[in-house]
Amino acid sequence: MSYNLFLLAFVLGIGGAFQYGLQVSIINSPAEYIKSFIRETWLKRYGSSPTEELITLIWSFVVSIYSIGGLLGSLSAGYLSVRFGRKKAMLFTNIPALLSAALMGLSRLCGSFEMIIAGRIFSGVCGGLGLNIHLMYAGECAPRKLRGLIAITASTATAIGKFVGFALGLREVLGVDALWPILMAANALPALIQLLTLPFFPDSPRYLLIDKKDKEGCIKAVKQLWGDGDHMAEIDDMMAEQKAIHGEKAKSVCDLFHDKSVRWQLITLFLVASCMQLIGVNVVYFYAYNVFKKAGIPPAQTHYVSLGIGVTEILSTVLCGFLIERAGRKTLLWKSYTVLALALVLLTVTLSLQDSFSWVPYCSVALIFIFIMSFGIGPAGVLCPLPTEIFIQSYRPAAYVFNGVTNWIQLFILGLLFPFIVEGLGSFCFIIFLTYCLSMAIFVFLVMPETKGKTMLQVMEEFNRLNYRGKKRQLQQSNCSVMIVTRL
């Protein structure tokens, strides 16, 4: 296998999932400095100091507007990836990234906090667009035996982005009042790196063959990415998929809801992947700082604890990359969901007893790291290749749009409701999330088919048993197009 495939995964990660992880974490460090800048700017303009409620409102808007940008980016990912191809669409994501860097980097010089808000919108568009196209592009470029590993590099890139965001926000680096505009413009560098390097790589072989009908271009792309070996079995798999869709054009999100042949794929995508915010990882992070303080870590050192959490995320996603092609997607998912549910049950207990015994905070610390490790090994990594594997080419862009849109909407809603949930339920808010994790462990174990080592059409055949349950004649008709694949 040529190293070009892994280089492509790295280049895609730099401008794709890395940007998402960076923007999620980088906003925390300069919060007080940006609030002071808003206060000073308001005073200069209007001659009176704004109220603390107004400052808080503007700051909340700066933070939450990122989700709106991500939603807009996700909505456009399907159209751009079909109209211009995966490669050109990926290159396009760097334009809003550079715009956001310019706006936020120059906001202090121009005396405009509105530029920060506009920059956050553009960085959200970059995150929503880049994350979806990254996953689609990487999954379609990988051969069957490496499909899971290559797709998981998106999860690793996200974790590295979060870590870099935390690291850049340290006082010893860029986390000071004089340098926060440079910190907020840090996403320009990965965007420039991808703009300079991605043009040297080919477009997705599946896109070239199935969508563009360019067999020669597909073979050339396969050789460049996979090396000079015999890859005809993989190309035959793509051609079988091309025949199965009968030359149909890319489907819309509405088609996903109307077409019965993808009903259980859509249900699986929604429950297992699109609702990932319900796992509760953000709530665990929220309580982590309080737990670490109770365990004796000084408040001034909590930023370094964030780096430790970031390293744990990176290591767990790397470990998932080694396990996914050995253990399989289904096994990793249901076992990790079970561990996540158990960790949340125990965290509910230990947080309730936090002040009762001196050793309880240390148990909570251990449970937090177990939770983060299980999240990285399971859902955070395994769900990356899922939309690519359970949908055939004509439905794949729409599936990524649906997945991205539902994720961003949930992120926005939970961001608004989260303070009220914590205030009302306290540590018992974990019950909501552990119920979801336990339900998903049962669903994955009983319903979701294994996709490891299978062609796209073989996976489709597995889902057809659910989609056409009790209708054998329809099932036989739908399976006739995949008979050639089962003989490979």
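Cys 218 counts as buried in this predicted model, because its relative accessibility is 0%. The closest cysteine sulfur to that of Cys 218 belongs to Cys 141 and lies 10 Å away, which is too far for a bond. Cys 437 likewise takes part in no disulfide, the nearest cysteine sulfur being that of Cys 275 at a distance of 12 Å. Cys 437 counts as buried too, again because its relative accessibility is 0%. Over the whole structure, the search for disulfides returns 0, where a pair of cysteine sulfur atoms would have to lie within 2.5 Å to qualify.

**Helix 8 and its two partners**

Helix 8, which spans residues 147-168, is approached by helix 1, residues 4-15, with the two axes coming within 9 Å and crossing at roughly 30 degrees. Helix 1 and helix 8 are therefore roughly parallel to each other, since angles under 35 degrees are placed in that class. Their crossing is right-handed. On the helix 1 side the meeting residues are Leu 5, Phe 6, Ala 9 and Gly 13, and on the helix 8 side they are Leu 149, Ile 150, Thr 153 and Ala 157. Sorted by class, this contact of helix 1 with helix 8 comprises 6 nonpolar and 2 polar residues, with no charged ones.

Helix 7, residues 114-141, also packs against helix 8, the axes coming within 8 Å and crossing at roughly 155 degrees. Helix 7 and helix 8 are therefore roughly antiparallel to each other, as angles over 145 degrees are assigned to that class. The crossing of helix 7 with helix 8 is right-handed. Helix 7 contributes Leu 131, His 134, Leu 135, Ala 138 and Gly 139, which meet Arg 147, Ile 150, Ala 151, Thr 153, Ala 154 and Thr 158 of helix 8. The class division of the helix 7 contact with helix 8 is 6 nonpolar, 4 polar and 1 charged.

| Helix pair | Axes come within | Crossing angle |
|---|---|---|
| Helix 1 and helix 8 | 9 Å | roughly 30 degrees |
| Helix 7 and helix 8 | 8 Å | roughly 155 degrees |

**Leu 135 in helix 7**

Leu 135, placed in helix 7, is buried because its relative accessible area is 11%, under the 20% limit for that class. Between Leu 135 and Thr 153 there are 9.0 Å from C-alpha to C-alpha, while the two are 18 residues apart in sequence. When residues up to four places away in sequence are set aside, Leu 135 touches Ala 151 and Ala 154, together with Cys 384, Thr 388 and Tyr 400.

Arg 206 is part of helix 11, residues 205-211, and counts as buried because its relative accessibility is 4%. Leaving aside neighbours within four places in sequence, the contacts of Arg 206 include the acidic residues Glu 140, Asp 211, Asp 237 and Glu 241. Arg 206 is also in contact with Met 238, Gln 393, Arg 396 and Met 456.

Lys 213 sits in the loop between helix 11 and helix 12, the latter covering 215-226. With a relative accessible area of 53%, Lys 213 is exposed, since that class begins over 50%. Although Lys 213 is not a glycine, its phi is positive, at about 60 degrees. Most residues other than glycine have a negative phi.

Key
Residues numbered from 1 in each chain as written. Predicted model: local features only at pLDDT ≥ 70, side-chain atom pairs only at ≥ 80, totals over all residues. Heavy atoms only, no water. Axes fitted to C-alpha atoms, helices over the stretch in contact; angles between N-to-C directions. Helix = DSSP H or I, 4+ residues; strand = E, 2+ residues; numbered from the N terminus. Parallel < 35°, antiparallel > 145°, perpendicular 65-115°, else oblique. Left-handed = near helix turned anticlockwise from the far one by under 90°. Contact = heavy atoms within 4.5 Å. Nonpolar A, V, L, I, M, F, W, Y, C, P; charged D, E, K, R; others polar. Buried < 20%, exposed > 50% of the residue type's maximum accessible area, 1.4 Å probe, protein only.
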